[in-house]
Structures are given as structure tokens and as C-alpha cells.
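Let's take a walk through a protein model together. Keep the sequence and the structure side by side as you read, and look for each part as it comes up.

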Amino acid sequence: MTATPGGGVTPFGARLAAAMDEHGPLCVGIDPHASLLHAWGLSDDVAGLREFSLRVVDALGGKVAAFKPQAAFFERHGSRGLGVLEEVIAAARATGSGGSGTLTIVDAKRGDIGSTMGAYAEAFLADGSPLAGDALTVSPYLGFGSLDPAVELATATGRGLFVLCLTSNKEGFEVQHAQTDGTSVAALMAAHAAVLNAGAEPMGSVGLVVGATIGDAVAATGTDLVAVNGPLLAPGVGAQGAGERELATTFGGARKNVLASSSRGVLAAGPDPEALVSAARAAAQEATKALRN
Ligand SMILES: O=c1ccn([C@@H]2O[C@H](COP(=O)(O)O)[C@@H](O)[C@H]2O)c(=O)[nH]1
């Protein structure tokens, strides 16, 4: 974690804003699908998982704004797979010039009743926990307030959260577009995040997941992304079909806070490290054109 001159910790929102300014608004997902392991000539076991993931970190560390390891692909290999996730987080932290590291967003989508959420928070957001990256994806569908232990620990340790709001999959609408008294669930989640981020500069640390594939869902659900004043993680770029046009049109006035995310779209270029760098560079340029002009 980066210390401020006053001895505090620079909040995640500020660290992510700086990383996006330096490297472009692209996050590369580390999703070691069995099919990708095979395509890279690796075995679908813990050794292959480790080799694949660390090669991605080696090739792209210090060159992209963030990594997003998908916990499911590590969990499917059991406790040793989780050990590899810990190694990946540590390796990302050690990359980059000056030891500043590459930010990691652990995509584990945790959410539970508050007392259990406290345990998830300790696992993924506490200083000293080997599974703690710089931010965690969380699910608010047990009620936004159930996330309080994660909000509190993330704030205390300078980490961030990405709360599922408008997800990139086509099934999300039945929950996220549902309305109570004229307010959609997505708009309500965004409003909760806005309260937590109020006044933060350059942006707060409680972000949302808003897929790049959602078409006009921001307007359709009345979701005020500008008021959120926090980072917007936008999966769906690449393999799910979204590209420059979707990034440019989906987020309106909140575009500058968007971190586009691509996993298979970049990883499919491997295992050659130079090919991975070229694919990530092309995706970052596309995201920059769409989001920063
Ligand atoms: O709404 C969401 C939330 C998370 N994801 C995750 O992002 C990656 C997408 O992988 P691609 O290979 O770029 O399609 C994956 O880990 C998902 O679980 C998402 O796609 N949509």
C-alpha cells in the first residue's frame, strides 16, 4: 500500500486514477480457463495454473493499470490453487518501476450477511492477509448494508470495492432493473456508493461493476453514474463482444472513471510475452480513445 507523506495510506480511488493516467484505462483479467491452459501448451493442474498466471504478471506487470485475477479459476484447483492466487497477488505487487507494483482487483464477488461478510473482508481486505489485493468485487444482493464490514475495512486499509451494479451478462436485468417505488435496484446501489464517495478527490474508492455490454441500461434503469464519483469496472470488452464503440457510448459523463476490463481478449494472444504486451497495448489504446477523448 502506498503511504502518504502524513503517514496515512493513499486511498484506492486515488491510486487507481494515477495508474489509469499512466497506463491507460485497461485492466487485464487473469482468467486461467482450462481451454487457455491447453492453448498455451500447459496442463490443467496447479503447475499449469501457476505457470500461466505468473507469465501474465511477468509480461504485463508495470505496463497496465491493473490486473483482475478471477478467484473461481484458482479455487477450482483447491487449496493449492488458492496458494497460486496468493502468489499472483504478491507478484503483481512486486512489479513495476520503483516497486510501485501493479494494482490487483480480486474478482471473488463475495456477499453474505454482515457477520460473515466480516470474515470475507478479513480474508480479502486486511493488511497482512495473503489474499488481499488492492480491491475486491462484492455482491450487494443481500442488501447494500450487508457490505458494511467490507466498506469499513477497505476504508481503513486504503483498499477499494467494486459493487455489482449492472453486470455484463444478459441475465442480470431481472434483478438489476427491478423497481421498487419507481427506483431500480441498480440506481439504488449506485446511490449507496455515491454517499460513500461524496467529496472524494479525484474519486472515491467504492466503485461499481458496470458491464460494457449493457447497451442503454444506464438510462433505462435511471442509474446516475456521474454522482457515484467512483471507479467503474467495465468487463465485457473483447471476448464478450464490447469494444471501442460500446465503451464510448455506455457510460455518458462518467467515462473518465471507467476501467475497461478484458481477460480472454488479451490472454488469447499468449503465451508469447511480446504478443501479450501488443494485445494489452492495443486494448488500452482502444479504451483510451473511447474513454479519454
Ligand atoms: O458483470 C460482470 C462481472 C464480472 N465479470 C468477470 O470479468 C471477466 C470477463 O472475462 P472475459 O474473458 O473478458 O469475458 C470474468 O472473470 C468474469 O467473471 C464479467 O464478465 N461481467
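A first stop is Phe173: with 18 C-beta neighbours inside 10 Å, this residue counts as partly exposed. To read that label, you need the cut-offs: a residue is buried if 20 or more other C-beta atoms lie within 10 Å of its own, exposed if 12 or fewer, and partly exposed in between, with C-beta atoms placed from the backbone. Phe173 is found in helix H8 (residues 173–176). Helices (H or I, at least four residues) and strands (E, at least two) are DSSP runs, numbered from the N terminus. Along the sequence, Phe173 and Ile214 are 41 residues apart, while in space their C-alpha atoms are 9.3 Å apart.

Residues are numbered from 1 along each chain as its sequence is written. This is a predicted model, in which local features need pLDDT of at least 70, side-chain atom pairs count only at pLDDT 80 or more, and totals for chains, interfaces and linings use all residues.

Now look inside. In soluble globular proteins, nonpolar side chains tend to be buried together. The largest nonpolar core here has 91 residues; such a core is a set of buried Ala, Val, Leu, Ile, Met, Phe, Trp, Tyr and Cys residues joined through C-beta atoms within 7 Å. Among the residues with the most contacts inside this core are Cys27, Leu259 and Ala260. Helix H14 (residues 273–292) gives the most to the core, with eight residues.

Let's follow H14 itself. Its 20 residues reach 27 Å from the first C-alpha to the last, close to the 28 Å expected (that is, 1.5 Å times one less than the number of residues). The buried residues of H14 are Leu276, Ala279, Ala280, Ala283, Ala284, Glu286, Ala287, Ala290 and Leu291. They cover an arc of only 160° around the axis, which puts them on the same side of H14; the arc is that of the directions from the helix axis to the C-beta atoms. What covers the buried residues of H14 includes strand E1 (26–30) and strand E10 (258–262).

Next comes E1, where five of five residues are buried. Leu26, Val28 and Ile30 lie on one side and Cys27 and Gly29 on the other, and both faces are covered. E1 pairs with E10 in the parallel sense over three bridges, pairing being called when DSSP finds at least two bridges between two strands. Here Leu26 stands opposite Ala260 in E10. E1 also pairs in the parallel sense with E2, over four bridges, and Gly29 stands opposite Lys68 in E2.

Phe67 stands opposite Thr104 in E3. Seven of the eight residues of E3 (residues 103–110) are buried, so this strand is largely enclosed by the rest of the structure. E3 pairs in turn with strand E4 (residues 135–138), in the parallel sense over three bridges. The chain crosses from E3 through helix H6 (residues 114–125) to E4 in a right-handed β-α-β crossover: with the strands pointing away from the viewer, the path from the first strand over the helix to the second runs clockwise.

Definitions and conventions: Contact = placed C-beta atoms within 7 Å.
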